[in-house]
Amino acid sequence: MKKLGFGLMRMPQLDKTDAAKVDVEQFKRRVDLVMEKGFTYFDTAWMYNGFASEGVAKTALVGRYPRDSFTLATKLHAGFFNSPEDRDKIFDAQLEKTGAGYFDYYLLHGIEGAMLPKYEQFGCFDWLLKKKAQGLVRHAGFSFHDSAELLDKILTDHPEMEFVQLQINYLDWESPWIQSRACYEVAVKHGKPVIVMEPVKGGTLARVPEQAQRLFEGYDPCMSVPSWALRFAASLKNVMVVLSGMSSIAQMEDNLGFMENFKPMSEEEKELCFKAARIINAQIAVPCTGCSYCTEGCPQKIAIPQYFSLYNEDMREHLEEKGWTANFSNYAALSAKFGKARDCIACGRCEGVCPQHLPIIEHLKAVSAHFDP
């Protein structure tokens with residue numbers, strides 16, 4: 001299996017205010033391009049794209065290609081079940097929504113300290129093995145957002161798990177919160193192959209500061225900025241697949257091009273990535289990946305990731321020199337459809353599900369101070 005996988009979390013939308021309204025015809029063209037180039041791994045989940053992702057996967061992939069020609073992964077998230085019956089209903093609904101018959105890879109989704117007790121309470125690890133014994137799952141594993149210490153405990157307690165999905169990118173490699181390197185090393189210690197999520201950190205590593213961009217272009221002007229991030233993750237020996245959302249045809253053609261005949265990075269190239277990381281970390285205000293987990297349960301319907309993106313852009317713009325940017329207009333347009341940053345009631349639901357463990361409430365206060373009149 002080639003090392004690039006297609007992540008189905010950020011599908012093309014017909015309506016930017018409704019994630020479930022997917023441009024299916026455009027997405028079919030993307031699936032076709034991936035398959036034509038010999039890439040076969042597709043990753044979805046129960047709640048992706050407003051719960052529409054799995055159904056679109058059926059229409060664009062499962063219903064159009066032989067079942068043995070692709071690999072399909074999906075997930076069970078603890079936020080959506082409160083009993084064994086709920087859990088089973090979700091799994092059965094996933095089989096129906098995808099029409100896949102079975103899942104090549106099935107993950108307990110987004111395990112971290114607060115969610116682990118729920119997975120344990122309902123016996124989800126044993127349940128997943130039973131699904132495997134029934135032929136409904138080929139490979140059992142989990143995605144993870146917490147410390148290397150907790151990952152070590154889980155893999156020690158559950159050696160039956162066959163793989164782990166981790167957030168790995170050169171920006172988070174030494175992060176004390178994400179702990180990309182430390183978690184990767186734990187997976188290696190336990191002999192578990194790794195699937196990489198967020199290799200470009202939600203697009204952050206596709207649009208790096210000019211100083212970092214010059215570093216990359218100076219070394220190899222033929223390689224795109226995002227290619228450095230994907231190649232960094234894919235060069236790790238224990239990595240099986242690197243997931244990319246590939247949000248445009250141009251981005252797909254770039255990614256598929258350099259990953260088709262993939263060559264691991266040299267040590268010199270890796271050091272260049274770490275140098276770029278130091279530049280980026282010095283300028284980024286809110287390290288949000290744009291996963292949108294935080295928006296599903298927000299009672300104020302605040303467009304949290306979008307506001308953080310606008311805020312990050314402005315913080316890099318040195319506003320003491322400009323005073324105003326187009327992002328003020330972009331914020332006004334978004335906040336006409338969604339809650340403003342100042343509408344946050346500090347309920348904490350967003351922080352409870354954030355894979356990056358961000359202090360979202362405090363960051364929204366900063367966004368409000370910047371954008372709200």
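**Group meeting: strands, core and a pocket**

What we have here is a predicted model, in which local features need pLDDT of at least 70 and side-chain atom pairs count only at pLDDT 80 or more, while totals for chains, interfaces and linings use all residues. Residues are numbered from 1 along each chain as its sequence is written, and side-chain values use heavy atoms, with hydrogens and water left out.

Staying with these strands, Phe144 has Leu166 in E6 as its bridge partner. Strand E4 (residues 103–111) also pairs with E5, in the parallel sense and over six bridges, and there Leu107 stands opposite Gly141 in E5. Strand E5 itself, residues 137–144, is mostly covered, with six of its eight residues buried, buried meaning under 20% relative accessible area, exposed over 50% and partly exposed in between, with a 1.4 Å probe and protein chains only.

That brings me to the largest nonpolar core, which has 91 residues, and in which Phe42, Leu108, Phe142, Phe144 and Tyr170 have the most contacts; such a core is a set of buried Ala, Val, Leu, Ile, Met, Phe, Trp, Tyr and Cys residues joined through side-chain atoms within 4.5 Å. A second, separate core of 20 residues includes Tyr311, Leu358, Ile360 and Phe371.

Leaving aside neighbours within four places in sequence, its contacts include Phe81, Tyr106, Leu107, Leu108 and Trp127. The C-alpha atoms of Leu76 and Ser143, which are 67 residues apart along the chain, are separated by 10.0 Å.

Finally, the second largest pocket holds about 390 Å³ of space. On a 1 Å grid over the protein atoms alone, a pocket is an open set of points where a 1.4 Å probe fits, with protein on both sides within 12 Å along at least five of seven lines, and lining residues have an atom within 4 Å of a point. Its lining has 21 residues, of which Asp172, Ser175, Trp177, Asn281 and Pro287 lie nearest the centre, and helix H12 (residues 267–281) contributes the largest share, four residues.

Definitions and conventions: Grid points are joined across faces, edges and corners, and a volume is the space filled by probe spheres set on the points. Helices (H or I, at least four residues) and strands (E, at least two) are DSSP runs, numbered from the N terminus. Contact means heavy atoms within 4.5 Å. Two strands pair if DSSP finds at least two bridges between them.
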